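Work through the exercises below with the sequence and the 3D structure open beside you. Try each task before reading its solution.

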Amino acid sequence: MFNRLNFNTSKAIILILCLIIAGGITYWQYSYFSSQGKTETAKVIVAAKNIKEGSKINLDMLTLKDVPVSNITKNMVFQEEDFENAYAKIDINEGTYLTKEMISQQPVPIIEDGMRRVTIRADMIMSLAGEIRAGDFVDIGLVREIDDESQKKTTGAFKTEIIAEKVQIYSVVNNAGVDIDKISSENSNEYDAKEKIPSAITFIVTPEQAVLLKDSEAEGSLFLIGY
């Protein structure tokens, strides 16, 4: 009788241990697969509404969204501070993740209906020592020689005048035709100053201004007046 009771007790203990072990394994499996099912996320900035190309971006145009870390790229924008004085380079649809390539820290030149592009020669002196960028607004001046000998006696041999006011720059390129705004220390020799010397400037103008600029370029020397 005693041996049978002892045997039943042993069986009960073994059964309890098996149940405990099985329960532990089940809990471990549940915890493991649950953790595998959880996706780590981070907040990125997306467009809260459609943003038109050239528009100044305000914070009410933006919102935060959780994105799986695996989907995040280094060019995504994470800080709202990056949008201070920022402009949209392209049309941005609602819900689009904002990337650095989509925004500019200066006004983006837009060719509106009725406007044209015209390009003139440039150098370091006439282009404000090269301190100009796409989106900047400038006045354009002309220095020309006076042909009238009698007028030269009173006004001098040259006449200087402004021929266009508040004209927006569309692009600035160097002698190799490379957009100066796109030159960086990553893909160019930062000590090669020649790469950043303007060789040609394209403006957004009316058709009449385009003709005037080309006529003036042939007539004398053009120069820029900055704001």
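This is a predicted model: local features need pLDDT of at least 70, side-chain atom pairs count only at pLDDT 80 or more; totals for chains, interfaces and linings use all residues.

Residues are numbered from 1 along each chain as its sequence is written, and side-chain values use heavy atoms, with hydrogens and water left out.

**Exercise 1.** Find out which residue forms a salt bridge with Asp66, and explain what this pair ties together.

Solution. Start with the definition: a salt bridge is a side-chain nitrogen of Lys or Arg within 4 Å of a carboxyl oxygen of Asp or Glu. The structure holds 5 salt bridges. In one of them Asp66 is paired with Lys43, and their closest N and O atoms are 3.2 Å apart. Next, locate the partners: Asp66 lies in strand β2 (residues 62-68) and Lys43 in strand β1 (residues 41-47), so the bridge ties together parts that are 23 residues apart in sequence. Helices (H or I, at least four residues) and strands (E, at least two) are DSSP runs, numbered from the N terminus. Finally, check accessibility, where buried means under 20% relative accessible area, exposed over 50%, and partly exposed in between (1.4 Å probe, protein chains only). Asp66 counts as partly exposed at 43%, and Lys43 counts as partly exposed at 48%.

**Exercise 2.** Describe the salt bridges that Arg144 forms with Glu161 and with Glu219.

Solution. Take Glu161 to begin with: the closest N and O atoms between Glu161 and Arg144 are 3.3 Å apart. This pair links strand β7 (residues 158-173), where Glu161 lies, to strand β6 (residues 137-145), where Arg144 lies, across 17 residues. Then turn to Glu219, for which the closest N and O atoms to Arg144 are 3.5 Å apart. Here Arg144 in strand β6 is linked with Glu219 in helix α3 (residues 207-219), 75 residues apart. Glu219 is partly exposed, with a relative accessible area of 46%, and Glu161 is partly exposed at 27%.

**Exercise 3.** Which residues make the nonpolar surface patch of about 580 Å²?

Solution. Patches are made of residues with over 30% relative accessible area and no salt bridge; like charges are joined within 9 Å, and nonpolar side chains (Val, Leu, Ile, Met, Phe, Trp, Tyr) within 5 Å. The patch is made by Ile13, Ile16, Leu17, Ile20, Ile21 and Ile25. Among them, Ile16 is found in helix α1 (residues 2-37), and Ile16 is partly exposed at 48% relative accessible area.

**Exercise 4.** Is Met76 buried or exposed, and how far is its C-alpha atom from that of Thr99?

Solution. Locate Met76 in the loop between β2 and β3. At 7% relative accessibility, Met76 counts as buried. The C-alpha atoms of Met76 and Thr99 are separated by 4.2 Å, although these residues are 23 residues apart along the chain.

Terms used: Accessible areas come from the Shrake-Rupley method with a 1.4 Å probe; for residues, only the protein chains shown count as cover.
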